[in-house]
Number of protein chains: 2
Amino acid sequence: MESKRVDAEISFSEEKMKKNSLFDSPHLFYDAYCLLPGQSQKLHAHEGSDKVYFVLRGTGRFTVGHDEEDLGEGYAVIARAGVPHGVRNETEQNLVLLVTMAPRPS
Amino acid sequence: MESKRVDAEISFSEEKMKKNSLFDSPHLFYDAYCLLPGQSQKLHAHEGSDKVYFVLRGTGRFTVGHDEEDLGEGYAVIARAGVPHGVRNETEQNLVLLVTMAPRPS
């Protein structure tokens, strides 16, 4: 069975936000994004893919389209195809996000 | 911003496993499945779609293909397209799963 204990798969990088792949298929990416205090994923968009973030640990400052919002543990947010989105860790704590993107960009 | 506090969206049904939709798009389903003790999602398969389960609360007994495994909080598992899969709550505690399916079955 392809199961993963997410906590065992996560790691951070001093250099930049770290994407830890959990599952990868022709249909989707399923990753754990790890952001140290001050790190960010710059605003960007995927023309044909939706992305859903779920906050596992910490609080992220999310931008989706023209909206900006701080979301803590247990919150989920969707960035639909074509809509610019990004996230910053403006806190003093580590931030861990469970991230799904579908379809997998080719 | 289309954000959801997952805990505020979940509900159980005495009748059967309850699927609570969080996000729905042409590309994916993103749901919270809630299973009371003894409830289950029967073994089934989706020909063209992958499903990922993430255990938010409790422990599920997952079947994927020929494998059966108990997975607790913080575990994720993928059932790839065409592979039979299901989950049962064999415990005395409630079970809550974050479930992604992509592409969205038509």
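Student: Which strands form the four-stranded open sheet of chain B, and in what order?

Tutor: In this predicted model, four strands of chain B make an open sheet with antiparallel pairing. Two of them, β4 (40-44) and β7, are edge strands that pair on one side only. From one strand to the next the twist averages 20 degrees. The order is β4-β9-β6-β7.

Student: Which residue stands opposite B:R61 in β9(B)?

Tutor: Strand β9 (residues 85-88) of chain B pairs with β6(B) in the antiparallel sense, over four bridges. The residue of β9(B) opposite B:R61 is B:R88.

Student: Which strands stand at the edges of the six-stranded sheet?

Tutor: This open sheet is antiparallel and has the order β2(A)-β3(A)-β10(A)-β5(A)-β8(A)-β1(B). Each edge strand has a single partner strand, so one side of each is left without a neighbour in the sheet. The edge strands are β2 (18-24) of chain A and β1 of chain B.

Student: What is the bridge partner of A:Y53 in β8(A)?

Tutor: Strand β5 (residues 50-57) of chain A and strand β8 (residues 75-79) of chain A run antiparallel and are joined by four bridges. Within β8(A), A:Y53 has as its bridge partner A:V77.

Student: What is the bridge partner of A:S3 in β8(B)?

Tutor: Strand β1 (residues 3-5) of chain A runs antiparallel to β8(B), and three bridges join the two. For A:S3, the bridge partner in β8(B) is B:V77.

Student: How much area do chain B and chain A bury between them?

Tutor: The contact draws 35 residues from chain B and 35 residues from chain A. Of the area buried, 64% is on carbon and sulfur atoms. The total for chain B and chain A is about 3100 Å².

Student: Which residue of chain A meets B:E2 in a salt bridge?

Tutor: Between chain B and chain A the count is two salt bridges. One of them joins the side chain of B:E2 to an arginine of chain A, at 2.7 Å from N to O. That residue is A:R80.

Student: How many nonpolar residues are on the side of chain B that touches chain A?

Tutor: Across the interface, 18 residue pairs are in polar contact, with both residues at pLDDT 80 or more. Strands supplying at least two residues each to the side of chain B that touches chain A include β1 (3-5), β5 (50-57) and β10 (95-102) of chain B. By class, this side has seven polar and nine charged residues, and the number of nonpolar ones is 19.

Definitions and conventions. Residues are numbered from 1 along each chain as its sequence is written. Chains are lettered from A and ligands numbered from 1 in the order in which they are written. This is a predicted model: local features need pLDDT of at least 70, side-chain atom pairs count only at pLDDT 80 or more; totals for chains, interfaces and linings use all residues. Side-chain values use heavy atoms; hydrogens and water are left out. Contact means heavy atoms within 4.5 Å. Buried area is the accessible area (1.4 Å probe) that two parts lose on being put together, summed over both. A salt bridge is a side-chain nitrogen of Lys or Arg within 4 Å of a carboxyl oxygen of Asp or Glu. A polar contact is a pair of N or O atoms within 3.5 Å; within protein, one must be able to donate a hydrogen and the other to accept it, and residues adjacent in sequence count only if both atoms are side-chain atoms. Ala, Val, Leu, Ile, Met, Phe, Trp, Tyr, Cys and Pro count as nonpolar, Asp, Glu, Lys and Arg as charged, and the others, Gly among them, as polar. Two strands pair if DSSP finds at least two bridges between them. Axes are lines fitted to C-alpha atoms, for helices over the stretch in contact, and angles run from 0 to 180 degrees between N-to-C directions.
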